[in-house]
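User: I would like to go through this model by question and answer. Please give the cut-offs as the terms come up.

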Amino acid sequence: MRILVTNDDGVHAPGIEVLEAIARELSDDVWTVAPAEEQSGAGHSLTLAEPVRVRQLATRRYAVRGTPTDAVMMAVGVVMKDHRPDLVLSGVNRGANLAEDVTYSGTVSAAMEGTLAGIRSIALSQTLGGLEGEAEPFECARVWGPRVIRALLDAPWTPGVLVNVNFPPVRSAEVRGVRVTEQGFHDYGRLVIDARRDPRGNPYYWFGLGPDAKVPGHETDLKAIRESHISVTPLHLDLTHYPTIPALRGALAGLADAAASG
């Protein structure tokens, strides 16, 4: 099995070293193609207004001057074009990628790009919390990552679906289990925008996230992490909300008839 390892924290980030080690437990054919610099929050952006450059750092290890999406595209279309990967692993991100934050995440977007290319793709993130000061903050991901990935590879894989895995902010021995979860939502009604001034008196701002939106009866990724479980969330690329289609067709029927009659 040929594995492509990528991320959004940059090719020199400690999390990608952890993911490379995880990948080598699964295969001896591991390639790393990742952004040259940190691209956190880049989402599924693509570089169009300037050239994308690729530099080889070592055997099967490349840095891309661009976004996580650029990195996957260059891996599949240039670096590994003669023998495409069988699996894309993105991460291990420093910090969680939960709830609607997946839409901002370069880690998840790299897995999206792999999915668009028809390759099984998994995004992996380590929630930090109390682990921020730990000597090995990725220990939970390092220990549990190979087990989770092996189990996922044995499962049926639907085209157009990627898997988003988040590890809780606990040591590996303290993990209470693995849950298949729904995507949760934060309560952004209490979003905090912290206004400050720099030494020259110019204003700048920090965004603070609101608390989780707790939905009774729903097993969300946020709930799983809060309860020290590994969260495994299937995400799909088709964003169409099919139940709304009939109502919109009814509402717009008059416009369609008017256009047809000239």
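User: By class, how many nonpolar, polar and charged residues does the lining of the second largest pocket have?

Analyst: This is a predicted model, in which local features need pLDDT of at least 70, side-chain atom pairs count only at pLDDT 80 or more, and totals for chains, interfaces and linings use all residues. Residues are numbered from 1 along each chain as its sequence is written, and side-chain values use heavy atoms, with hydrogens and water left out. Ala, Val, Leu, Ile, Met, Phe, Trp, Tyr, Cys and Pro count as nonpolar, Asp, Glu, Lys and Arg as charged, and the others, Gly among them, as polar. On that scheme the lining has 6 nonpolar, 3 polar and 3 charged residues.

User: Which element gives the largest share of the lining of that second largest pocket?

Analyst: A pocket is an open set of points on a 1 Å grid over the protein atoms alone, where a 1.4 Å probe fits, with protein on both sides within 12 Å along at least five of seven lines; lining residues have an atom within 4 Å of a point. The lining of the second largest pocket includes Pro234, Leu235 and His236. Helices (H or I, at least four residues) and strands (E, at least two) are DSSP runs, numbered from the N terminus. The largest share, 3 residues, comes from β11.

User: How much space lies in the second largest pocket?

Analyst: Grid points are joined across faces, edges and corners, and a volume is the space filled by probe spheres set on the points. For the second largest pocket that space is about 290 Å³.

User: Where in α4 does the kink lie?

Analyst: Helix α4 covers residues 139–153 and reaches 22 Å from its first C-alpha to its last. A kink of about 40° is found shortly before the proline Pro146, at Gly145.

User: Which elements do the buried residues of α4 pack against?

Analyst: Buried means under 20% relative accessible area, exposed over 50% and partly exposed in between, with a 1.4 Å probe and protein chains only. Among the buried residues of α4 are Trp144, Gly145 and Pro146. With contact taken as heavy atoms within 4.5 Å, the partners are α1, β5, β6, β7, β8 and β11.

User: Is Ala99, with its positive phi, buried or exposed?

Analyst: Most residues other than glycine have a negative phi. Phi of Ala99 is near 55°, and Ala99 lies in the loop between β5 and α3. Because its relative accessible area is 0%, Ala99 counts as buried.

User: What is the class of Arg60 by relative accessibility?

Analyst: Arg60 also has a positive phi, near 60°, and sits in the loop between β3 and β4. Its relative accessibility is 33%, so Arg60 counts as partly exposed.

User: What is omega for the peptide bond from Gly91 to Val92?

Analyst: Most peptide bonds are trans. The bond from Gly91 to Val92, the latter a residue of strand β5, is cis, with omega near -15°.

User: Which residues does Ser109 touch, not counting residues up to four places away in sequence?

Analyst: Ser109 lies in helix α3 and is buried, with a relative accessible area of 1%. Its contacts are Gly43, His44 and Thr69.

Methods: Expected span 1.5 Å × (residues − 1). Bend = angle between axes of the 7 residues up to and from the residue.
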